[in-house]
Amino acid sequence: MNLDDKYLQAKKKVEKIKAFYIHLFVYVVVNIGLIGINLFNFDGTLWFIYPLLGWGIGIVSHAFAVLGHTSLFGKNWEERQIAKYMDED
């Protein structure tokens with residue numbers, strides 16, 4: 001694999017991670033809105049929990065697809081983060 005291929009592969013990975021974080025942000029904002037609407041117009045039913053949980057399953061699936069199940073806080077996560085921040089400075 002040459003340098004250009006590695007660059008393109010890394011760029012695709014970063015784009016997928018960015019898309020996940022956008023998805024997560026939208027999830028949080030929309031669900032805060034739904035919670036507010038539900039509590040403001042409270043009729044005895046807490047219906048906001050259903051979209052929160054349903055979409056939450058999608059968020060977790062998206063996280064595993066993009067980040068992988070071991071990269072969240074896997075074996076070498078701490079070392080990778082330290083190296084990443086050292087490289088930034």
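Which residue caps the N-terminal end of α1?

A: The model is predicted, so local features need pLDDT of at least 70 and side-chain atom pairs count only at pLDDT 80 or more, while totals for chains, interfaces and linings use all residues. Residues are numbered from 1 along each chain as its sequence is written, and side-chain values use heavy atoms, with hydrogens and water left out.

The cap is N2: one of its side-chain oxygens lies 3.2 Å from the backbone nitrogen of D4. Such a polar contact is a pair of N or O atoms within 3.5 Å; within protein, one must be able to donate a hydrogen and the other to accept it, and residues adjacent in sequence count only if both atoms are side-chain atoms.

Helix α1 itself covers residues 3-40. Helices (H or I, at least four residues) are DSSP runs, numbered from the N terminus. The expected span of a helix is 1.5 Å times one less than its number of residues.

The term requires a side-chain nitrogen of Lys or Arg within 4 Å of a carboxyl oxygen of Asp or Glu. Both residues lie in α1, 4 residues apart, about one turn of the helix. A search of the whole structure finds 1 salt bridge. E15 is partly exposed, with a relative accessible area of 45%, and K11 is partly exposed at 39%. Buried means under 20% relative accessible area, exposed over 50%, and partly exposed in between (1.4 Å probe, protein chains only).

The buried residues of α1 are F20, Y27, N31 and N38. What covers them includes α2 (49-67), where a contact means heavy atoms within 4.5 Å.

The structure holds 2 aromatic pairs. F20 and Y21 form a tilted pair, 5.4 Å centre to centre with 55 degrees between the planes. Rings of Phe, Tyr and Trp (its six-membered ring) pair if their centres lie within 6.5 Å; planes under 30 degrees apart count as stacked, over 60 as edge-to-face and the rest as tilted. F20 is buried at 6% relative accessibility, whereas Y21 is partly exposed at 49%. The rings of Y27 and W55 have centres 5.4 Å apart and planes at 85 degrees, so this pair is edge-to-face. The pair links distant parts of the chain, with Y27 in α1 and W55 in α2, 28 residues apart. Y27 is buried at 14%, and W55 is partly exposed at 26%.

Methods:
Helices (H or I, at least four residues) and strands (E, at least two) are DSSP runs, numbered from the N terminus.
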